[in-house]
Amino acid sequence: PFLTKEQIQIRRQAAIERARKQDAETAAWHRRAAQKAVRILSQCSLEKHAYLDSKGFPEELGNVWQTNEHNPLLCIPMRSGKTIVGLQIINIDGNKKFLLGQKTAEAEFLIDGKGQDWFCEGYATALSLKAALGALKTRFRIHVTFSAGNLKRMASVCPGALVVADNDESGTGERAAQESGCKYFLPPTVGQDFNDLHREVGLFKVSQMLRRFITS
């Protein structure tokens, strides 16, 4: 049977109310996660961490949360604009997680060298990219986006941005780079990200590969 105009209106209004309730619940989750992130960061100290060591940066300092002396947690702040919205938390084995309910879309960690915008997924990749660009004496702003989908979303609205993609076996990283519409660098070996490449070939060679990419 056909619905009456009144029934259609009732259903439409119910759908609007459901969406409004869902939006309010999501906003509440985001707010609680952001508050927790700020609280955790206030308990962190700048220290070395086993994860950074494993990625080739034994002297790098990060926000370390000492909840357990046997597994201190590296906390990477995630911001939307200048506002902290959450954290990526990494343990000494390299396992990563976000705070429950936090906002991840359009959230980033920014390494700001007041120059060319670069986008990548991971924090270790960003540290290798920073080292390579530093070796080339070029200025940069590196946006760590934490996922391929978020990289595509953020890079696509940044005119002139460059992307360093992960060479995933699934092709997810390269697809995101292609769909961003940006010029992108892809490590030559399947399964590698830029940090893997840096650790395999060394800083000089990886910086020269990056130089050729920039000037191509």
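The legends below describe close-up views of a predicted model.

**View 1. The five-stranded sheet.**
Five strands make up an open sheet, and their order is β1-β2-β3-β4-β5. The pairing in this sheet is antiparallel. Strands β1 (45-47) and β5 (96-98) stand at the edges, and each has a single partner strand, so one side of each is left without a neighbour in the sheet. On average, and with direction ignored, neighbouring strands are turned by 45° against each other.

**View 2. The pairing of β4 with β5.**
Strand β4 covers residues 83-90. Three bridges join β4 to β5, and the two strands pair in the antiparallel sense.

Helix α1 takes in residues 5-42. The helix lies across three strands, namely β2 (62-65), β3 (73-80) and β4. Relative to β4, helix α1 runs at about 65°.

The side chains of E17 and R20 meet in a salt bridge, with an N to O distance of 2.5 Å. Both residues lie in helix α1. They are three residues apart, about one turn of the helix. E17 is partly exposed, its relative accessible area being 38%. R20 is also partly exposed, with a value of 49%. In general, side chains of opposite charge can pair when their charged atoms come close. By the rule used here, the model has six salt bridges.

**View 3. The salt bridge of K114 with D112.**
K114 and D112 form a salt bridge in which the closest N and O atoms are 3.5 Å apart. K114 counts as exposed because its relative accessibility is 59%, and exposed means over 50%. D112 is partly exposed, with a relative accessible area of 36%.

E179 and K152 form a salt bridge, and their closest N and O atoms are 3.0 Å apart. E179 lies in helix α5 (residues 172-180) and K152 lies in helix α4 (residues 148-155), so the pair ties together parts that are 27 residues apart in sequence. E179 is partly exposed, at a relative accessible area of 46%. K152 counts as partly exposed as well, at 34% relative accessibility.

**View 4. The crossing of helices α3 and α6.**
Helix α3 spans residues 123-135 and helix α6 spans residues 194-201. Their axes come within 7 Å and cross at roughly 55°. The two helices are therefore oblique to each other. On the α3 side, the residues in contact are A124, T125, S128, L129, A131 and A132. On the α6 side, they are F194, N195 and H198. The residues of this contact divide into five nonpolar, four polar and no charged.

N195 lies in helix α6. N195 counts as buried because its relative accessibility is 0%, and buried means under 20%. When its neighbours within four places in sequence are left aside, N195 is in contact with K55, F57, A124, T125 and S128. Among them, A124, T125 and S128 belong to the α3 side of the contact between α3 and α6.

How values were computed. Residues are numbered from 1 along each chain as its sequence is written. This is a predicted model: local features need pLDDT of at least 70, side-chain atom pairs count only at pLDDT 80 or more; totals for chains, interfaces and linings use all residues. Side-chain values use heavy atoms; hydrogens and water are left out. Axes are lines fitted to C-alpha atoms, for helices over the stretch in contact, and angles run from 0 to 180 degrees between N-to-C directions. Helices (H or I, at least four residues) and strands (E, at least two) are DSSP runs, numbered from the N terminus. Angles under 35 degrees count as roughly parallel, over 145 as roughly antiparallel, 65 to 115 as roughly perpendicular and the rest as oblique. Contact means heavy atoms within 4.5 Å. Ala, Val, Leu, Ile, Met, Phe, Trp, Tyr, Cys and Pro count as nonpolar, Asp, Glu, Lys and Arg as charged, and the others, Gly among them, as polar. Two strands pair if DSSP finds at least two bridges between them. Buried means under 20% relative accessible area, exposed over 50%, partly exposed in between (1.4 Å probe, protein chains only). A salt bridge is a side-chain nitrogen of Lys or Arg within 4 Å of a carboxyl oxygen of Asp or Glu.
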